[in-house]
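Here's a quick tour of one protein model, taken piece by piece. Have the structure open beside you as you read.

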Amino acid sequence: MEYIKVNKQYATHIALIELNRPKELNALNLQLMGELRDALKELDDDDNVRVIILTGNEKAFAAGADIKQMADKTAIDMLKIDQFSTWDQIRKTKKPLIAAVSGFALGGGCELAMTCDMIIASESAKFGQPEIKIGVMPGAGGTQRLTKAIGKAKAMELVLTGRFISGEEAMGYGLVNKVVPTEMYLYEAVQMAKEIASMSPIAAQLAKEAINRSFETHLDEGLTLERKNFYLAFATEDQKEGMKAFIEKRKPEYKGK
Ligand code: CAA
């Protein structure tokens with residue numbers, strides 16, 4: 001892996017993926033996105049990992065898709081390269097995915113953070129969809145996810161002006177879960193990951209799938225999936241253990257079975 005670093009912490013069942021193209025502010029070129037897809041697939045298949053954190057560095061989570069790689073492409077080139085098919089696979093990650101964002105999360109970087117399930121931001125985070133300033137528009141889900149996260153009026157404003165918002169502002173709009181001092185953002189993400197990793201991993205995956213479905217379908221279909229996944233949780237040993245531990249007033253020991 002040239003552009004990402006993966007660190008598995010089996011003791012706490014969490015894994016950290018760090019985007020690592022610092023000179024280019026972690027601009028998301030095709031190779032980086034391919035590596036990210038492969039790493040997420042591997043971690044998704046690893047029973048010792050329950051929660052994944054995706055981060056960049058203090059200056060940049062990611063400053064967008066790689067403009068230099070796209071600049072001279074024609075529409076037909078773009079269609080053939082079909083860069084967003086990689087994103088479809090990333091979106092299918094079953095385990096909870098937390099974005100730990102500091103610095104720039106712009107264009108594809110903001111879209112990548114929104115593809116994650118939760119966002120912990122540093123005070124110095126800057127979110128935005130500035131594609132309009134380079135003559136295009138968001139292409140990796142920004143018009144859909146941003147609108148669902150912050151509402152039509154604000155999404156329209158951000159996408160049509162390209163202006164950046166701070167972590168604090170993003171928090172006010174409901175885009176991020178928490179804003180913390182810059183030296184704390186990764187620590188906070190790890191704390192959240194550890195808390196989730198202490199739950200039944202199967203219940204967490206079923207719940208994630210059901211919440212995501214609420215964005216993709218009508219209420220009826222979403223409720224049907226939610227109900228099915230709820231009943232399915234009763235096929236796990238973790239459900240028996242969790243409920244028994246509650247009744248016995250002790251901490252549950254989840255095995256992911
Ligand atoms: N693609 C390629 N290279 C990028 C990049 C990007 N998205 N963002 C930054 N870089 C490169 C810069 O070209 C520069 O490289 P050189 O040193 O070789 O010139 C290096 O990273 C550092 O960047 P700056 O010197 O520009 O740093 P700055 O602090 O002055 O500005 C910034 C930071 C405001 C983020 C500015 O770099 C910027 O505006 N970047 C582009 C943001 C953008 O438009 N993103 C959307 C891309 S399109 C997209 O993402 C489509 C989609 O929906 C998937």
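**Strands first**

Strand β8, residues 126–128, pairs with β9 in the antiparallel sense, over two bridges. Keep in mind that this is a predicted model.

**The sheet**

- Look across from F127 and you'll find I165 of β9 standing opposite.
- β8 and β9 belong to an open sheet of four strands, in the order β4-β6-β8-β9, and the pairing is mixed.
- β4 (60–62) and β9 (165–166) are the edge strands, each pairing on one side only.
- What holds strands like these side by side? Strands of a sheet pair through backbone hydrogen bonds, either parallel or antiparallel.
- Helix α5 lies across β4, β6 (104–106) and β8, and runs at about 90 degrees to β6.

**Helix α1**

- α1 covers residues 30–44, so to speak a run of 15 residues, and reaches 21 Å from its first C-alpha to its last, close to the 21 Å expected at 1.5 Å a residue.
- Which residues of α1 are buried? They are L32, M33, G34, E35, L36, A39, L40, L43 and D44.
- The cover over those buried residues includes strands β1 (4–9), β2 (14–19), β3 (51–55) and β5 (97–101), along with helices α4 (84–91) and α5 (108–115).

**Helices α10 and α11**

- α10 (residues 201–216) packs with α11 (residues 219–233) at an angle of about 175 degrees, their axes 9 Å apart.
- That angle is over 145 degrees, so the two helices are roughly antiparallel to each other.
- On the α10 side, L206, E209, A210 and R213 make the contact, while α11 brings residues including E221, L225 and N229.
- The residues of this contact split into five nonpolar, two polar and four charged.

Key
Residues are numbered from 1 along each chain as its sequence is written. This is a predicted model: local features need pLDDT of at least 70, side-chain atom pairs count only at pLDDT 80 or more; totals for chains, interfaces and linings use all residues. Side-chain values use heavy atoms; hydrogens and water are left out. Axes are lines fitted to C-alpha atoms, for helices over the stretch in contact, and angles run from 0 to 180 degrees between N-to-C directions. Angles under 35 degrees count as roughly parallel, over 145 as roughly antiparallel, 65 to 115 as roughly perpendicular and the rest as oblique. Contact means heavy atoms within 4.5 Å. Ala, Val, Leu, Ile, Met, Phe, Trp, Tyr, Cys and Pro count as nonpolar, Asp, Glu, Lys and Arg as charged, and the others, Gly among them, as polar. The expected span of a helix is 1.5 Å times one less than its number of residues. Buried means under 20% relative accessible area, exposed over 50%, partly exposed in between (1.4 Å probe, protein chains only). Two strands pair if DSSP finds at least two bridges between them.
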